[in-house]
Amino acid sequence: MGQVAVTIGGNNYTLNCRDGEEERLRRLAGYVDKKARDLNQTLGNLPESRMLLMSCMLIADELEEAREGHEDVGSAAGATQTGDEETLQFLKAASDRVARLTQTLQNQALEV
């Protein structure tokens, strides 16, 4: 099992992951960190739990907009039901990964 050290919103975390997923986890953490830093610049320093919650909400909002945008494009292009369902499955899997990452971060924050 691999481990990755990441920094999100100025807080350091060590996350466990499957071997080979380290770079992906670093990339995802970098994206969440950017959201957290943007929030802190806009709203000032937030408590850790509030910063993580707000960051996740922004990412969930982006995902929802992507879903809505895909549905609009799919309808306009006359996409097949199979293509739409495959895309929805992909987006659901992405959403589930974000939820698992959020839970992992929250659990590890409680351990600190």
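**Close-up views of a predicted model**

R18 is exposed, its relative accessible area being 58%. This value, like the others in these legends, comes from a predicted model.

**View 1. The salt bridge between R18 and E21**. The side chains of R18 and E21 pair with an N to O distance of 2.9 Å. E21 has a relative accessibility of 27% and therefore counts as partly exposed. The structure holds six salt bridges, and the pair R18 and E21 is one of the salt bridges shown in these views.

**View 2. The salt bridge between R26 and E23 in helix α1**. Here the N to O distance is 3.6 Å. R26 and E23 lie three residues apart in the helix, so about one helical turn separates them. R26 is partly exposed, at 41% relative accessible area.

**View 3. The salt bridge between D33 and R37 in helix α1**. The closest N and O atoms of D33 and R37 are 2.9 Å apart. Because the two residues are four apart in helix α1, they are separated by about one helical turn. D33 is buried, with 13% relative accessible area, whereas R37 is partly exposed, with 44%.

**View 4. The surroundings of L39**. L39 belongs to helix α1, which spans residues 22–43. With a relative accessibility of 8%, against a cut-off of under 20%, L39 counts as buried. Leaving aside residues up to four places away in sequence, L39 touches G44, L46, M51, M54, S55 and L58. L58 is 19 residues from L39 along the chain, and the C-alpha atoms of L39 and L58 are 9.6 Å apart.

Key: Residues are numbered from 1 along each chain as its sequence is written. This is a predicted model: local features need pLDDT of at least 70, side-chain atom pairs count only at pLDDT 80 or more; totals for chains, interfaces and linings use all residues. Side-chain values use heavy atoms; hydrogens and water are left out. Buried means under 20% relative accessible area, exposed over 50%, partly exposed in between (1.4 Å probe, protein chains only). Contact means heavy atoms within 4.5 Å. A salt bridge is a side-chain nitrogen of Lys or Arg within 4 Å of a carboxyl oxygen of Asp or Glu.
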